[in-house]
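Let's take a walk through this model together, one stop at a time. Have the viewer open and follow along.

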Amino acid sequence: MSYRWVQPIDCREGLKKLEDCSTHLVLTDPPYFIDGMGSDWDHSSLKKRAEKAGVVGSLPVGMKFDVKQGIQLQKFMKPICQELLRVTRPGGFFLCFTQNRLVHRMALSMEESGFEIRDVLLWQYQGQPKAFKQDHFVERNYIKGRISKVERDRLIDKLDGRKTPQLKPQGEMIVLAQKPKEGTFVHNWDIYETGLIDVSQPYLTPEKFPGTVIPVAKPTKKYNHMTPKPIDLLRHLIRIFSIKGGGVLDPFAGSGSTGVAARLEKRDFVGFENDTKTAIMADLRIKGCMV
């Protein structure tokens, strides 16, 4: 493989090259399976969408809904989770970001593969309201001659300013899973140095015991990625759930944020990214530790 930090290969192939029990922590942000973000996503088209914040295709984020999304996500993730179980040390943790309405599918993929679901964390941030009034839809039907002026006025009056069912987003779920440990916590730690957490100096709350709700602002720079995660948040998670010198794995490396955080926290890192251009940029970013 050509790159030290991020391999330009689909993780479904890349994971097969890793040894059993070779990783301490899996920390990743898989595709969300909303419009254009499934297992066959196209980098160039997604880049254009990333440049148009808050919009997926011709619809606002969250409006593109299909009940099949969750089924497709679970089908896609389960064999990957099975490989992740194989390469993770006993007691090792698996932290997975997921869209809130699909969190149950992600958790099932992990659990049915052999991981134990330990918790669900919340990355808390201040998002922008995405709900939309329907007046414009009624108005468009009137302009196109589909309804009369009387019907337009009646519908707008009855809608009374109501919007699509989207409250202001203020957080994203992170499923916390763990590979079953061998024996007691003490025995497992003695052999594999996994299975226990370090809360002595949490990165974001050095004077407080870390909680399941983690407030961190969204990153301002996207690095051509639709859903970049804050370096500070990733460092916080890596510091708690792995040891210095341990291995961190991100099968969906994207812009390389997990790799940057792992390197800053003095961990080893392996990442996979199926788009070659993105993999090269991520690798350079990690090597330069560009936050």
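Start at Arg-152: leaving aside its neighbours within four places in sequence, Arg-152 is in contact with Val-138, Glu-139, Tyr-142 and Ile-147. Keep in mind as you look that this is a predicted model. Arg-152 sits in helix α6, which covers residues 149-159. Is this arginine buried or exposed? Its relative accessibility is 14%, so Arg-152 counts as buried, the cut-off for that being under 20%.

Now hop over to Asn-141, which belongs to helix α5, residues 135-143. Asn-141 and Arg-152 are 11 residues apart along the chain, and their C-alpha atoms are separated by 8.2 Å. Asn-141 also counts as buried, because its relative accessibility is 13%. Once you set aside the neighbours within four places in sequence, Asn-141 is in contact with Arg-146 and Ile-147. Ile-147 turns up in the contacts of Arg-152 too.

Time to zoom out. The chain has 10 helices and 10 strands. Of its 291 residues, 44% are buried. If you take the contacts with a separation of 6 or more, 79% of them involve residues 24 or more positions apart.

Next stop is helix α4, residues 103-112, where the buried residues are Val-103, Met-106, Ala-107, Ser-109 and Met-110. Where do these sit around the helix? Looking down the axis of α4, you'd see the buried residues fall within an arc of 155 degrees, so they line one face of the helix. After α4 comes Gly-114, with a positive phi near 120 degrees.

The axes of α3 and α4 are 8 Å apart, and the two helices pack at an angle of about 30 degrees. An angle under 35 degrees counts as roughly parallel, so that is how α3 runs relative to α4. The crossing of α3 with α4 is right-handed. On the α3 side, the residues that meet α4 are Gly-70, Ile-71, Leu-73, Gln-74, Met-77, Lys-78 and Cys-81. Facing them from α4 are Arg-105, Met-106, Leu-108, Ser-109, Met-110 and Glu-112. Sorted by class, the contact of α3 with α4 has 7 nonpolar, 3 polar and 3 charged residues. Met-106, Ser-109 and Met-110 are in this contact, and they are also among the buried residues of α4.

The buried ones are Ser-257, Thr-258, Gly-259, Val-260, Ala-261 and Ala-262. Their cover includes β2 (23-28), α8 (231-241), β9 (247-250), β10 (268-272) and α10 (276-288). Just past α9, look for Lys-266, which has a positive phi of about 60 degrees.

Of that cover, let's follow α10. It packs with α9 at an angle of about 20 degrees, and the axes of the two helices are 9 Å apart. That angle makes α9 roughly parallel to α10, and their crossing is right-handed. From α9, Ser-257, Gly-259, Val-260 and Arg-263 meet Arg-285, Ile-286, Lys-287 and Gly-288 in α10. By class, this contact of α9 with α10 has 2 nonpolar, 3 polar and 3 charged residues. Ser-257, Gly-259 and Val-260 take part in it, and they are among the buried residues of α9 as well.

Finish with a couple of loops. Cys-21 lies in the loop between α1 (11-14) and β2. It isn't a glycine, yet its phi is positive, about 50 degrees. Cys-21 has a relative accessible area of 30%, so it is partly exposed. Glu-193 is in the loop between α7 (185-192) and β8 (213-215). Glu-193 isn't a glycine either, and it has a positive phi of about 55 degrees. At 39% relative accessibility, Glu-193 counts as partly exposed.

Key. Residues numbered from 1 in each chain as written. Predicted model: local features only at pLDDT ≥ 70, side-chain atom pairs only at ≥ 80, totals over all residues. Heavy atoms only, no water. Buried < 20%, exposed > 50% of the residue type's maximum accessible area, 1.4 Å probe, protein only. Helix = DSSP H or I, 4+ residues; strand = E, 2+ residues; numbered from the N terminus. Contact = heavy atoms within 4.5 Å. Arc of directions from axis to C-beta. Axes fitted to C-alpha atoms, helices over the stretch in contact; angles between N-to-C directions. Parallel < 35°, antiparallel > 145°, perpendicular 65-115°, else oblique. Left-handed = near helix turned anticlockwise from the far one by under 90°. Nonpolar A, V, L, I, M, F, W, Y, C, P; charged D, E, K, R; others polar.
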